Amino acid sequence: MMGETWAPMLLVAGSYLAMFGIGELLRRARLARAEVTRRSNHVGAGVIALALPLLFDSPWPVLALAVPFVAFLLATKLIGWLGSVHGISRRSAGAFLYPVSIAATFVIASDNYPHYAIAVLALALGDPAAGVAGERWKQHSYSAWGQVKTWEGSLAALTVTTALSSSVLVLIGVPPVGACVTGAFIGVVVALIEGALPWGLDNLGIPLATLASLSAAGSAVSAVLTVLGAAALFGLALTAPRLPGARRRGRPTQRAVGSDAE
């Protein structure tokens, strides 16, 4: 039994290390800047995480993987290694929260794979979509807890999360209209949470908000309360004072406290 558990654990750990290695090679060869490799790792880590419920029927192997990976990321940050992840000018705890987020999502939803997949995809693809859109179309900005984000980025998070959620729901047999309505509801909540949480905290907030939305989707009252709660957090973030050095997504600066793509 132990051997059956260790083999997939080693496979998952090796996959993540290979992903980091490829990103580091690309950065050192100057084929991609740190923001690009970091975002690529963000997507790749989510894709690998989609396989976890298929490999493990208990949360313990996932927790046993998450703890050393958090330690690994903290250690490489402290000693100045792994620039493909840490070599960004903005302040972010997103890299350290990512393994925690995947482990928490697994603990909560691994017994319901569609919900797990939607939450992981919202994190792996919806969140980076906000960063990409914020870099390319940074025309309309807002400040959340002093971090300058863009409405274009929030719209991208909403659109991508809605499309992904709706697609998964249709695949499991939910009628298209209902799937689109639920997907849009999830997209709105995720966009509000992504916009409200600065410095990489959205890496934890997005999947948890997604799972909360899926749980609330069956009740109109619960759905309204969920949206109101997310909107209240977003409104609170908008009223926070802007900090010196805050920036829009993707704008280079030496004192950046910009929006996170991971």
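1. Where is the place of Thr105? Thr105 sits in helix H6; helices here are DSSP runs of H or I with at least four residues, strands are runs of E with at least two, and both are numbered from the N terminus. Thr105 is buried, with a relative accessible area of 1% (buried means under 20% relative accessible area, exposed over 50%, partly exposed in between, with a 1.4 Å probe and protein chains only). Apart from neighbours within four places in sequence, Thr105 is in contact with Ser110, Tyr116, Ala119, Val120, Pro207 and Leu211, where contact means heavy atoms within 4.5 Å.

2. On provenance: this is a predicted model, in which local features need pLDDT of at least 70 and side-chain atom pairs count only at pLDDT 80 or more, while totals for chains, interfaces and linings use all residues. Residues are numbered from 1 along each chain as its sequence is written, and side-chain values use heavy atoms, with hydrogens and water left out.

3. The axes of H6 (residues 94-109) and H10 (residues 202-216) come within 7 Å and cross at roughly 20°. H6 is therefore roughly parallel to H10 (angles under 35 degrees count as roughly parallel, over 145 as roughly antiparallel, 65 to 115 as roughly perpendicular and the rest as oblique). Axes are lines fitted to C-alpha atoms, for helices over the stretch in contact, and angles run from 0 to 180 degrees between N-to-C directions. H6 passes H10 in a right-handed crossing, a crossing being right-handed if the near helix is turned clockwise from the far one by less than a right angle, and left-handed if anticlockwise. On the H6 side the contact is made by Gly94, Ala95, Leu97, Tyr98, Ser101, Thr105, Ile108 and Ala109; H10 contributes Asn203, Leu204, Pro207, Leu208 and Leu211. By class, this contact of H6 with H10 has nine nonpolar, four polar and no charged residues (Ala, Val, Leu, Ile, Met, Phe, Trp, Tyr, Cys and Pro count as nonpolar, Asp, Glu, Lys and Arg as charged, and the others, Gly among them, as polar).

4. Ala95 is also found in helix H6, and is buried at a relative accessible area of 3%. Between Ala95 and Ala184 the separation is 89 residues in sequence and 27 Å in space, C-alpha to C-alpha.

5. Helix H9 (residues 176-196) packs with H10 at an angle of about 150°, the axes being 9 Å apart. H9 and H10 are therefore roughly antiparallel to each other, and their crossing is right-handed. From H9, the residues Phe185, Ile186, Val189, Val190, Ile193 and Glu194 meet Asp202, Gly205, Ile206, Ala209, Thr210, Ser213, Leu214 and Ala216 of H10. The residues of the contact of H9 with H10 divide into nine nonpolar, three polar and two charged.

6. Trp199, in the loop between H9 and H10, has a positive phi of about 55° although it is not a glycine; at 23% relative accessibility, Trp199 is partly exposed. Arg30, in the loop between helix H1 (2-28) and helix H2 (34-49), is likewise not a glycine and has a positive phi of about 60°. Arg30 is exposed, with a relative accessible area of 78%.

7. Strands S1 (residues 141-144) and S2 (residues 147-150) pair in the antiparallel sense over four bridges (two strands pair if DSSP finds at least two bridges between them). Ser143 has Val148 as its bridge partner in S2. S1 and S2 form a hairpin with two residues between them, and Trp145 in the turn has a positive phi of about 55°.
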